[in-house]
Amino acid sequence: MNKVDVLLGLQWGDEGKGKIVDVVTPDYDIIARFQGGPNAGHTLIFDDKKYVLHTIPSGIFRDKTINVIGNGVVIDPIIIKDEIDKLEAIGIDVTSKLLISKKAHLIVPTHKILDKYSEEQKGINKIGSTLKGIGPTYMDKTGRNGLRMGDSLSPNFKEKYSALQEKHKTILGDYDYAELLAELEAKWFEAMEFMSKFTLIDSEHYINNAMNDGKSVLAEGAQGTMLDVDFGTYPFVTSSNTITAGTCTGLGVAPNRIGEVIGIFKAYCTRVGSGPFPSELDNEVGENIRKIGHEYGATTGRDRRCGWIDLPALKYAIMVNGATQLSMMKADVLDSFEEIQVCTHYDIDGEKLDYFPYDINSLNVKPVYESVKGWNKDLTGMRDMKDAPQEFLDYITYLERELQTPITIVSVGPDREQTIIRK
Ligand code: GDP
Ligand code: IMO
Ligand code: MG
C-alpha cells in the first residue's frame, strides 16, 4: 500500500524545504502542498539560477512531476499568477503540471487589508505577519464565511465575493483602505480570470486514487513546527497546522497512510517576525551567522533573527511530527566557527527545563549551552561523507544521539548539487 511521505520544517520556517523537495522530487510522481499560502518563500538554486516559490509546490521544475495544491492551502490569485508568469517565461509548462483543489480557500484583497489593520491594532505586540492575508483567510475558513477556489465555477461567484467583502468592511470601519482596495481588486479579478485555465480537482480523491494506483506522493510543508497554530509559540504563530497531522486535513490523507516523515532543521536556528526565541544571538555572533547564511526573508526581505540550535525545541518538533528521519541544512554556514554552541535545556529562575513551557512568552527563559568543537573547514565542495572532517561527523553523531532520529540528508550549500544523501 503506497503511503504519502512528508517533508516539513522542525524550527521556525526557512529551514530549506524548497531545496530538499527539489532534490528528492525525481523519487516522486506527485508533490503536494497541504497548508499555508504565499507567506511561504521556498528557494531553489540550480544551474546558477535562483527561484523562489510561494504557493506552487517545489516539484514544478522537474518534467514528469505533477504538483498539487491541496484543500488546506490558501491562495492569492495575484501572487500565484505572478509565480506562474515567471515560470512560463522560462519555458515551464505549468498548466499541465499543476492541479488545484476546489476546496482551497481564496485570499481576497480585503483579507490582506485586514491583516495590515490587525497588525497595526496590535502595535508593539504585533505578530510580525508577512501581511499576505493568511490569518484573516483562515479565520473566514473556520468561521464558515470563506470563498473557495471551486466557487469561481459558480454563477453566484461575484455575489459570494461581495458578501464576504461586506463583512470585512464592517470590521474595517473608517480605516483608510479605499485606494489600496481598488488597486488590488482590479488585479485580483484579472488573476482569477487567468486562473480559470487551470484544472480544479477534488484533491482528496486525486491523491488517494494516485496512491492506490501505485504512485508515490510527497507532501511539502510550509512554515515550521514552532509556527504551528496549536503547537507553536502561540500567539506568535501562523494560522495553520504546519505539522504532519496537517497533511491529513490539508490533503484528505488518512493517518494510517502517512509514510516517512522527513524533518528539516538548520545546523543553527532562525526566526523571522516576533515571538520567543530562547537561543537567539542578539549580538555579533548572530550578525555573523546572518551574513554568512544570507538570512534575509525570501518573502519579505526582512532580517532573520539568528541563534544556536535548540535541542528541546527540536525534540518537541520530532515528537509532534513523528519524524522518522532528519535533514540537516546549512552546515556550511558554521564552517568558520571554532566552537559551536548547542542549547541542551533552559533555565527558568534556577529551574532546569528541557521542554517549551506553556507561558514561554512571559517567562525569563535562559538557554543552557554545551560547547561542541567546530570543524573549521570548508564543507561546500563536499559530496560524500567519507570526505567529512571528524569534528563534523562528531556533530552529526552527537545530534543523532540527542534527537534519537537518523540524519539521512546533509546540505552543505544552497545548490541542488550541494546535498549528501546518507541512507
Ligand atoms: P524554505 O522556506 O524552508 O524553503 O527555506 P528558504 O528558501 O526560505 O530559506 C533557505 C535559504 O537557505 C535559501 O536562501 C536557500 O537557498 C539557502 N540554503 C538552503 N540550503 C542551504 C545550505 O545547505 N547552505 C547554505 N549556505 N544555504 C542553503
Ligand atoms: P516558509 O514556508 C518563516 C512567520 C511570519 C510571522 C508569523 C505569522 O518559507 O518556511 P503569517 O504571514 O503567517 O501571518 O505570519 O509566521 N512566517 C514564516 N517564517 N518562514 C515562513 O514560511 C513563514 N511564514 C510565516 O514571519 O512571524
Ligand atoms: Mg522560506
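**Close-up views of the predicted model**

**Leu 131 sits in the loop between helix 4 and helix 5 (134–142).** Helices (H or I, at least four residues) and strands (E, at least two) are DSSP runs numbered from the N terminus. The model shown here is predicted, with pLDDT of at least 70 required for local features and 80 or more for side-chain atom pairs, while totals for chains, interfaces and linings use all residues. Residues are numbered from 1 along each chain as its sequence is written, chains are lettered from A and ligands numbered from 1 in the order in which they are written, and side-chain values use heavy atoms, without hydrogens or water. Look at the backbone of Leu 131: phi is near 65°, a positive value in a residue other than glycine.

**A cis peptide bond joins Tyr 234 to Pro 235.** Omega for this bond is near 5°. To find Pro 235, follow the loop between strand 10 (217–224) and helix 9 (244–251).

**Helix 6 (residues 157–172) and helix 7 (residues 178–195) cross at roughly 155°.** The axes (lines fitted to C-alpha atoms over the stretch in contact, with angles from 0 to 180 degrees between N-to-C directions) come within 14 Å. The two helices, helix 6 and helix 7, are therefore roughly antiparallel, a word kept for angles over 145 degrees. In contact (heavy atoms within 4.5 Å) are Phe 157, Lys 158, Tyr 161, Gln 165 and Lys 169 from helix 6, with Leu 181, Glu 185, Trp 188, Phe 189 and Met 192 from helix 7. Sorted by class, the residues of this contact are six nonpolar, one polar and three charged. Here Ala, Val, Leu, Ile, Met, Phe, Trp, Tyr, Cys and Pro count as nonpolar, Asp, Glu, Lys and Arg as charged, and the others, Gly among them, as polar.

**Helix 7 also meets helix 4 (residues 109–122), with the axes crossing at roughly 145°.** The axes of helix 4 and helix 7 come within 9 Å. On the helix 4 side, you can pick out Pro 109, Thr 110, Lys 112 and Ile 113.

**Helix 11 (residues 311–321) and helix 12 (residues 390–403) cross at roughly 55°.** Their axes, those of helix 11 and helix 12, come within 10 Å. Leu 311, Leu 314, Lys 315 and Ile 318 of helix 11 make the contact with Tyr 398, Leu 399, Glu 402 and Leu 403 of helix 12. Among these residues of helix 11 and helix 12 are six nonpolar and two charged, with no polar ones.

**The largest cavity holds about 30 Å³ of space.** A search of the whole structure finds one cavity of 30 Å³ or more. A cavity is a set of points on a 1 Å grid over the protein atoms alone where a 1.4 Å probe fits but cannot get out; lining residues have an atom within 4 Å of a point. Points are joined across faces, edges and corners, and a volume is the space filled by probe spheres set on them. Leu 10, Gln 11, Trp 12, Met 226, Cys 269, Asp 310, Ala 313 and Leu 314 line the largest cavity. Its lining divides into six nonpolar residues, one polar and one charged.

**The second largest pocket contains about 580 Å³ of space.** A pocket is an open set of grid points with protein on both sides within 12 Å along at least five of seven lines. Of the 25 residues that line the second largest pocket, Thr 43, Gly 293, Arg 304, Lys 330 and Pro 414 are the closest to its centre. Helix 1 (17–24), strand 3 (42–46) and helix 10 (284–293) are the elements that give two or more residues to the lining. Strand 3 gives the most, with four residues. The lining of the second largest pocket comprises eight nonpolar, nine polar and eight charged residues.

How values were computed: Angles under 35 degrees count as roughly parallel, over 145 as roughly antiparallel, 65 to 115 as roughly perpendicular and the rest as oblique.
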